[in-house]
Structures are given as C-alpha cells and as structure tokens.
Amino acid sequence: MASSKEFVEFVADQLASAGADIRYRKMFGEYMLYCSDRPVFLICDDTVYVKQIPETIAIFTAHGISPDSAIPYKGARPHWILDIENADLTVDMARRLAEVLPLPRPKSRRHSQ
C-alpha cells in the first residue's frame, strides 16, 4: 500500500513551525520529505521513518521516547518509526537532521559524443 498524498501533506503541515523550507518528492511510489533541501523523513505506507543514527536516538531519548524499529521497504536498512502526532518531537527531529545530514549529491549529467 502506497502512502496517500493527504498523509504526506499532513506530515509537511506538522513541520510548518520548523522554520525551514519543507518539500516532498514522490519516489518509487512512496515519498521523501526534505527540510532545508536535506532528506529527513522517509514516508512509506503512511508511516514516517528516520535513519538510525546517533542524532536521532538522542532526540528520541531527550523526549523520553524509546522508538520502534522497522524496515520501510524490502531491501532497506532498519529505520526508527517517528510518531508524527507528536509535533514537538517531529519539529525537533527535522531541525536536527537538517543540521547533520548532508545535501544530496547532484545528479551527474551524461555527456553525449
């Protein structure tokens, strides 16, 4: 089951107070949500996932949350599940990930000869 556009828009609306440029992009039938041009949330089957990195677990811990782990799609590494209803957690997570995650690499253009 793919994520609904309404759910993705709800997630984006939750981040309105993050004070950053929020956008999303459909990818392989699911969505990636970007904050300040950095890919911060993966949205699959109307569930929001974040990478399992030290920064994300630190934010969960600071909010007193022990997150669940799941695999968002076949072949993916495990990710933490983000409770999107917790607006404070969601905004804190997006802001922190926008600080620490790198910008995506620009796509290289193929030169024709």
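Reader: How much space lies in the largest pocket?

Author: Keep in mind that this is a predicted model. Empty space shows up when a probe the size of a water molecule is rolled over the atoms. For the largest pocket, that space comes to about 630 Å³.

Reader: Which residues lie nearest the centre of the largest pocket?

Author: The lining has 26 residues. By class, 19 are nonpolar, one is polar and six are charged. Nearest the centre lie Met 27, Met 32, Pro 39, Leu 42 and Tyr 73.

Reader: Which strand gives the most to the lining of the largest pocket?

Author: Four strands each supply at least two lining residues: E1 (22-27), E2 (30-35), E3 (38-44) and E4 (47-51). The top contributor gives five residues. That strand is E3.

Reader: How much space lies in the second largest pocket?

Author: Its lining includes Arg 23, Arg 25, Tyr 34 and Asp 37. Leu 103, Pro 104, Arg 105, Pro 106 and Lys 107 also line the second largest pocket. By class, this lining has four nonpolar, no polar and five charged residues. The space in the second largest pocket is about 160 Å³.

Reader: Which ring has the charged end of Arg 23 over it?

Author: Arg 23 is one of the residues lining the second largest pocket. Its charged end sits 4.2 Å from the centre of a ring. That ring belongs to Tyr 34.

Reader: In what order do the six strands stand in the sheet?

Author: The sheet is open, and the pairing is antiparallel. E1 and E5 (69-70) stand at the edges with a single partner strand each, so one side of each has no neighbour in the sheet. The order is E1-E2-E3-E4-E6-E5.

Reader: How many bridges join E1 and E2?

Author: E1 and E2 form a hairpin with two residues between them. In the turn, Phe 28 has a positive phi of about 55°. The antiparallel pairing of E1 and E2 runs over six bridges.

Reader: Which residue of E3 is the bridge partner of Tyr 34?

Author: E2 and E3 pair in the antiparallel sense over five bridges. Tyr 31 has Ile 43 as its bridge partner in E3. For Tyr 34, the partner in E3 is Pro 39.

Reader: How many residues of E2 are buried?

Author: In a regular strand the side chains alternate between the two faces of the sheet. From E2, Glu 30, Met 32 and Tyr 34 point one way, while Tyr 31, Leu 33 and Cys 35 point the other way. Both sets are buried. E2 is largely enclosed by the rest of the structure, because the buried count is six of the six.

Reader: Is Asp 37 buried or partly exposed?

Author: Asp 37 sits in the loop between E2 and E3. Most residues other than glycine have a negative phi. Asp 37 has a positive phi near 70°. With a relative accessible area of 37%, Asp 37 is partly exposed.

Reader: Where is Asp 46?

Author: Asp 46 is not a glycine, yet it has a positive phi of about 55°. At 28% relative accessibility, it counts as partly exposed. Its place is in the loop between E3 and E4.

Reader: What kind of aromatic pair do Tyr 24 and Tyr 31 form?

Author: The structure holds three aromatic pairs. In this one, the ring centres of Tyr 24 and Tyr 31 are 5.9 Å apart. Tyr 24 is partly exposed at 28%, whereas Tyr 31 is buried at 7%. The planes stand at 75°, so the pair is edge-to-face.

Reader: How many residues apart are Phe 60 and Trp 80?

Author: The rings of Phe 60 and Trp 80 have their centres 6.5 Å apart and their planes at 75°, so this pair is edge-to-face. Phe 60 lies in helix H2 (residues 54-62) and Trp 80 in strand E6 (residues 79-82). The pair links distant parts of the chain, and the separation is 20 residues.

Reader: What is the relative accessible area of Trp 80?

Author: The cut-off for buried is under 20%. Phe 60 counts as buried at 1%. Trp 80 is buried too, with a relative accessible area of 17%.

How values were computed. Residues are numbered from 1 along each chain as its sequence is written. This is a predicted model: local features need pLDDT of at least 70, side-chain atom pairs count only at pLDDT 80 or more; totals for chains, interfaces and linings use all residues. Side-chain values use heavy atoms; hydrogens and water are left out. On a 1 Å grid over the protein atoms alone, a cavity is a set of points where a 1.4 Å probe fits but cannot get out, and a pocket is an open set with protein on both sides within 12 Å along at least five of seven lines; lining residues have an atom within 4 Å of a point. Grid points are joined across faces, edges and corners, and a volume is the space filled by probe spheres set on the points. Ala, Val, Leu, Ile, Met, Phe, Trp, Tyr, Cys and Pro count as nonpolar, Asp, Glu, Lys and Arg as charged, and the others, Gly among them, as polar. Rings of Phe, Tyr and Trp (its six-membered ring) pair if their centres lie within 6.5 Å; planes under 30 degrees apart count as stacked, over 60 as edge-to-face and the rest as tilted. Buried means under 20% relative accessible area, exposed over 50%, partly exposed in between (1.4 Å probe, protein chains only). A charge sits over a ring if NZ of Lys or CZ of Arg is within 6 Å of the ring centre and within 35 degrees of the ring normal. Two strands pair if DSSP finds at least two bridges between them.
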